[in-house]
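Subject: Structure handover

Hi,

Here is the structure you were waiting for.

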Amino acid sequence: MNSDGTAGSTGRLHLAAAPGGLCVLQDLLNSASLPAASLPDLLADEASAQTWLDASLRTWGEQTGRTAPRIVISGDDLAALRDLRSLVRGWLTNQTEDEALHPLEVDVSFRDGRLVYEPRGNGAAAVASLVRLEALLASHTGALGRLKVCRNPACCAAFYDLSRNGTRVWHDMRTCGNTMNLRASRARRRAPSKPDQSPHPSSAARDSMQPADPKCES
């Protein structure tokens with residue numbers, strides 16, 4: 001839940017926010033619909049998209065210790081935001097080749113002994129700049145590799161993998177993990193066993209395969 005009591009896109013899935021600015025990528029991914037849980041697409045219309053973005057930027061400010069920027073979006077930005085979401089999902093699942101050069105609209109300044117940055121402008125372009133910048137920074141620290149998409153195709157929730165070896169594939173083992181493991185087990189049991197196609201050896205060949213010294217038998 002955010003400070004105003006409304007659940008953000010990641011909060012509605014009862015997941016913890018990814019560390020630092022990486023939370024903005026996670027929130028973008030978790031804005032997608034989840035029919036299994038009757039959760040709508042938060043980028044379906046202008047009003048819900050603006051509410052989602054305001055909540056996401058507040059989380060970003062809390063995670064980075066910064067003042068959340070105000071970015072206003074319109075109905076014309078919705079398609080671009082959904083395309084951005086698909087692009088980021090493709091990054092994490094290694095299903096997108098994006099060789100295009102994307103300009104970043106950000107302001108960088110030196111304050112209180114450190115470099116700070118914030119997106120410039122409004123609309124989908126400003127959101128895309130922030131998302132790409134945070135992805136770039138997280139890729140250099142190794143954090144981006146721990147932001148994952150649940151492998152349950154009915155879920156696809158974005159979660160931050162805090163396991164020691166970074167090998168989690170389900171956002172929740174008790175739900176998606178058990179469901180998918182059970183489904184795989186049932187599929188294996190239903191699969192017909194293949195008959196042995198190897199030729200049966202002749203009696204002479206069978207005799208030749210017996211150990212000559214009975215002491216070798218166990």
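The notes below go through the core, the aromatic and charged contacts, the surface and the backbone.

The model is predicted, so local features need pLDDT of at least 70 and side-chain atom pairs count only at pLDDT 80 or more, while totals for chains, interfaces and linings use all residues. Residues are numbered from 1 along each chain as its sequence is written, and side-chain values use heavy atoms, with hydrogens and water left out.

Core

The largest nonpolar core has 37 residues. A nonpolar core here is a set of buried Ala, Val, Leu, Ile, Met, Phe, Trp, Tyr and Cys residues joined through side-chain atoms within 4.5 Å. Buried means under 20% relative accessible area, exposed means over 50%, and partly exposed is in between (1.4 Å probe, protein chains only). L22, L25 and V131 have the most contacts inside this core. At least two core residues come from each of α1 (23–29), α2, α3 (78–93), α4 (123–141), β3 (147–149) and β4 (158–160). Helix α4 gives the most, with nine residues. Helices (H or I, at least four residues) and strands (E, at least two) are DSSP runs, numbered from the N terminus. As background, nonpolar side chains tend to be buried together in soluble globular proteins.

Aromatic pair and its neighbour

A search of the whole structure finds one aromatic pair. W60 and Y117 form it, edge-to-face, at 6.4 Å centre to centre and 65 degrees between the planes. The pair links distant parts of the chain: W60 is in helix α2 (residues 46–64), Y117 is in strand β2, and they are 57 residues apart. The criterion: rings of Phe, Tyr and Trp (its six-membered ring) pair if their centres lie within 6.5 Å; planes under 30 degrees apart count as stacked, over 60 as edge-to-face and the rest as tilted. W60 is buried at 0% relative accessible area. Y117 is also buried, at 17%.

Y117 has a charged contact too. The charged end of R66 sits over its ring, 5.4 Å from the centre. That label requires NZ of Lys or CZ of Arg within 6 Å of the ring centre and within 35 degrees of the ring normal.

Salt bridges

The structure holds five salt bridges. Each is a side-chain nitrogen of Lys or Arg within 4 Å of a carboxyl oxygen of Asp or Glu. Three of them are described here.

- R85 with D41: the closest N and O atoms are 2.9 Å apart. R85 lies in helix α3 and D41 in the loop between α1 and α2, so the bridge ties together parts 44 residues apart in sequence. R85 is buried, at 9% relative accessible area.
- R70 with D54: 2.7 Å, N to O. R70 lies in the loop between α2 and α3 and D54 in helix α2, so parts 16 residues apart in sequence are tied together. R70 is exposed at 54%, whereas D54 is partly exposed at 22%.
- K148 with D161: 2.7 Å, N to O. K148 lies in strand β3 and D161 in the loop between β4 and α5 (173–190), so the pair ties together parts 13 residues apart in sequence. Both K148 and D161 are buried.

Surface patch

V108, F110 and L115 make a nonpolar surface patch of about 360 Å². Patches are made of residues with over 30% relative accessible area and no salt bridge; like charges are joined within 9 Å, nonpolar side chains (Val, Leu, Ile, Met, Phe, Trp, Tyr) within 5 Å. Areas come from the Shrake-Rupley method with a 1.4 Å probe, and for residues only the protein chains shown count as cover. L115 lies in strand β2 (residues 114–119). L115 counts as exposed, at 60% relative accessibility.

Backbone

Most residues other than glycine have a negative phi. Which way does phi go at S38? S38 has a positive phi of about 55 degrees although it is not a glycine. S38 lies in the loop between α1 and α2 and is exposed at 66%. N94 also has a positive phi of about 55 degrees and is not a glycine. N94 lies in the loop between α3 and β1 (106–111) and is exposed at 67%.

Best wishes
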